[in-house]
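The exercises below ask you to read a fold from its strands down to single residues. Please keep the sequence and the structure in view while you work through each solution.

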Amino acid sequence: FKVFANASILQSQTQISDSRFIRSKGFVSKQFKWLVVGVSEEQEYNALWTKGSDSLLQSSYSFYEWGGFVKSLDTAKNRFGLTYKQRTDLLPLTQTLGRTSVGESLSLNYELTRNSSSRLYGSITYRTLEIIDSTLSSNKPDESLLGRLEYRLKLWKGAATITTFYQMGSGLEVKKEFSYVRVADGQGIYEWIDRDSNEVETLDEFEIAAYQYNANYIRVNIPTNDYVKTHSNLFNETLYLRPDAVWRNKKGFKKVLSRFSSQTAYRVERKTTNQD
């Protein structure tokens, strides 16, 4: 068995407020030959009161997280892990902390590294968020999925290395809005081009200034309370050629080529709100 625990308690008093802070973290695991099984917990409690009052300040919060895991030994050449976690968040009601949301996640990761020339890494996580009290939390119910895959291949004693990476995900993001604000001449980044000659500034009439003396606007992001469902994909392919790995001691034309190296990368990234 392996047991780990760490906890701390802090209580403080000032002329205007009192506070109590508690934090703990730990796990218990058991090894069965090539397998490790365990449970874990983590919590944080932070309560603040105004002096002489029993009402909690808005900066108070608490969360509790527990989970279980099954994984291979860290010394294994091919490794995997399966983890489940549940987290409960709490925010102040008046005199107590009330449950606002419960999140659950299930993760799987693996590493196939037995062959030093060909290695595969991957992980996938599924997460759900349930809102218990919408008056305390500005978050929205969510269901998200995140996965990644990476493959590394070495050929000809390392003279060529190929890396393939793919990542996909879905979830909620805060909807972003922005506007353009005029600043001192030449102190901004964007310029306004009145394409329809109506002297009315619209968002599609701003672009990065070609010359600094026309850069009279900056873009300001405006936070909103709206959330949008997004889907994203990322693909990256890299080819690295290093002839000196095999031709370092050669002569003639091969010796000349061994003094050069080449790296080529191709990357595609896409994010959309299209549910289809």
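## The sheet and its strands

In this predicted model, 11 strands form an open sheet with antiparallel pairing, in the order β1-β2-β3-β4-β5-β6-β7-β8-β9-β14-β15. At its edges lie β1 (2-13) and β15 (262-272), each of which pairs on one side only. Neighbouring strands of this sheet are turned by 10 degrees against each other on average, direction ignored, where the axes are lines fitted to C-alpha atoms. Strands here are DSSP runs (E, at least two residues) numbered from the N terminus, and two of them pair if DSSP finds at least two bridges between them.

Residues are numbered from 1 along each chain as its sequence is written, and side-chain values use heavy atoms, with hydrogens and water left out. Local features need pLDDT of at least 70 and side-chain atom pairs count only at pLDDT 80 or more, whereas totals for chains, interfaces and linings use all residues.

## Exercise 1

Work out how β7 is held between its two partners in the sheet.

Step 1. Take β6 (residues 97-112), which pairs with β7 in the antiparallel sense over 12 bridges, and note that a hairpin of 5 residues joins β6 to β7.

Step 2. Turn to β8 (residues 142-155), which runs antiparallel to β7 and is joined to β7 by 12 bridges; here Gly 122 has Leu 149 as its bridge partner.

## Exercise 2

Step 1. Why does Thr 128 count as partly exposed? Its relative accessibility is 24%, and the class lies between buried (under 20% relative accessible area) and exposed (over 50%), with a 1.4 Å probe and protein chains only.

Step 2. Leaving aside neighbours within four places in sequence, Thr 128 is in contact (heavy atoms within 4.5 Å) with Val 102, Gly 103, Glu 104, Asp 142 and Glu 143.

Step 3. For a distance, compare Ser 72, which is 56 residues from Thr 128 in sequence and 26 Å away in space, C-alpha to C-alpha.

## Exercise 3

Identify the residues of the largest nonpolar core.

Step 1. Such a core is a set of buried Ala, Val, Leu, Ile, Met, Phe, Trp, Tyr and Cys residues joined through side-chain atoms within 4.5 Å.

Step 2. The 5 residues are Ala 47, Trp 49, Leu 56, Leu 90 and Leu 97.

Definitions and conventions: Helix = DSSP H or I, 4+ residues; strand = E, 2+ residues; numbered from the N terminus. Axes fitted to C-alpha atoms, helices over the stretch in contact; angles between N-to-C directions.
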